[in-house]
Amino acid sequence: MYFITLNTLDDLDVIIHEPLHFDGHASEVEDLLYQNMWCIMLAESSVQQIAEKDMVFFLNNLLHERSRQIKCQYPMMEATFYAWFDSQALQLRFDILPGHVIDLPFKCAVRIATLQAIVHNFITTTGNVMCSGNTMEIITPENDTWENDADEKEEFFVLDVYVTILNKHR
Amino acid sequence: MRFLPAGRNYAKFLPKFGFQSIEAKNLRIFILFYALFLSLFLPTTVAGEGFAAGTLVRIPTGYMCIQDLCATDEILVCTFDDSIVSAEITHVTIHEVDTIVRLEVEGDIVELAEDQLLFVPLQRTWIPASQIHEGMYLLGAPLRAMQVQSVERIDQRLQVYALTLNEHHNYLVGKYGIVVHNFGSMVFGAVGAAEGLTFLNVFLAANPLVAPMTIAVGGAGLIGGLIWKAIGEIKESKKSYKKDKNNDKSSGGQPEDPKKPKNDNQDKDFLKSLKLRSDKRARTNRFGNLYRDPKTKLWWSKDLAGHGKSCYKVFKETARGLEWIFDATAEGLEIMGKHKGPTGLFIPYKEVIF
């Protein structure tokens, strides 16, 4: 798993040039999930400068490059690319898993979305939080409501995810 | 009528044993010992199927090492009609073999027992690994032929793992999903029957007077073997259940399965402990409650998406706001990553209600 904080669009080059890692063997299966995963954050200075269309353009380039890498390194193998916006960490995340993954590795419900929708959510939410902050209510033991820490309501969370198959044979 | 008259060479009846000459008396003794050997050891010697630890098995979320799978886990199987579906493991059989076959298929290495059956599409049949040779094609998922690049036999005593499924009776191994037969009594029975018939042919031709006694001994041994095997399977099922119950991850290499209650329990235990020791709580509109650990001063919240083994998001307090620092597992361990640029992103304190 790699993290990067974007100051300018040029910072994305490092992602494009990173080689694919499908070396999962023996005890490394768990690591397959994190071998090709990237988490992109926006620096405060870049929030107003990075446009949605630039990010979509980058991701399309990335898909093209990853398809090429797979064709070269693993010509007979398909791979599943999926991207989502992590609203808690304010990160655009994406991952590539070998094979045609039917059931994505999330604990919540998943809704298939377009790349544009994911990027829009990432840029606008990050921008809003940077500008307006995150509304929080702090409770301390001195507070009357401290004892009333009822368990959080298990709300049904649905995550928007973009999914595509790279090097698809059919 | 006299069977096995003296003075004749009976070596031709037992070509596979490579004897130059066998006399009638010796053949009788040999047959008796062979019968005893078969009846006593048939269940363990024939069941030489399975894969070495570390072999990848396709599961709905990707791959898992074969040794990490247990009963009730779902894995992917081939339906032979151009589709892949999931099926449930009924039990995992672990045993030792003396010889391992190492297959290289499209750059991927798979180590398996020599009796393990693989599907050969050109012959439309299952063939044991011992008969696979370089250049042959195996079936990969979804329904494509994959050429074997090299085959190596290694004489090495090794533990192998074989899976039995409730339906479809095959599963997919290796990076490219080679279709392999599941481990089952059908295979055992068929191989055993073939061995038994070969033996019976030779035996009856040799001396029918000893046949009833040997058949009785062999039959008793076979029944004993089956009971032995059944006990082994029950033990294995219990072991798998126990492994499942205790959430034994020591062997590593397993993505978290959100459907398993064991993780929920771990998740709840950690959260419960965190709630008890927290010195501050926060409620946010966007992602629910956060709890501050008084020792580390880090804030923890549930990971809503829960990608992979991530269960929590962890933030640190900065002068300007809460800054996400890492994702954590159900046990509260950091999921390590590598920073490729400047780190950190703060959530400003603007409009924060204290």
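A:Ile4 stands opposite A:Ile40, a residue of strand β2(A). The strands here are DSSP runs (E, at least two residues), and helices are DSSP runs too (H or I, at least four), both numbered from the N terminus. This is a predicted model: local features need pLDDT of at least 70, side-chain atom pairs count only at pLDDT 80 or more, and totals for chains, interfaces and linings use all residues. Residues are numbered from 1 along each chain as its sequence is written, while chains are lettered from A and ligands numbered from 1 in the order in which they are written.

Strands β1(A) and β2 (residues 38-42) of chain A are joined by five bridges and run parallel. Two strands count as paired if DSSP finds at least two bridges between them. β1(A) covers residues 2-6 and is mostly covered, with four of its five residues buried. Buried means that 20 or more other C-beta atoms lie within 10 Å of the residue's own; 12 or fewer makes it exposed, anything in between partly exposed, and C-beta atoms are placed from the backbone.

Now cross to the other chain. β1(A) also pairs with strand β18 (residues 338-339) of chain B, through two bridges and in the parallel sense. There, A:Tyr2 stands opposite B:Lys338.

Step back to the sheet. Seven strands form an open sheet in the order β5(A)-β7(A)-β3(A)-β4(A)-β2(A)-β1(A)-β18(B), and the pairing is mixed. Its edge strands are β5 (109-112) of chain A and β18 of chain B, each of which pairs on one side only. In a regular strand, side chains alternate between the two faces of the sheet.

Two helices lie across strands of chain A. Helix α3 (residues 52-73) of chain A lies across β3 (79-86), β4 (91-98) and β7 (158-166), at about 45° to β7(A). Helix α4 (residues 115-132) of chain A lies across β2, β3, β4 and β7, at about 30° to β3(A). Axes are lines fitted to C-alpha atoms, for helices over the stretch in contact, and angles run from 0 to 180 degrees between N-to-C directions. Contact means C-beta atoms, placed from the backbone, within 7 Å.

Chain A has four helices and seven strands, following the pattern β-α-α-β-α-β-β-β-α-β-β along the sequence. Of its 170 residues, 38% are buried. Among its contacts with a separation of 6 or more, 76% link residues 24 or more positions apart. Chain B has four helices and 19 strands. Of its 354 residues, 37% are buried. For chain B, 53% of contacts with a separation of 6 or more join residues 24 or more positions apart.
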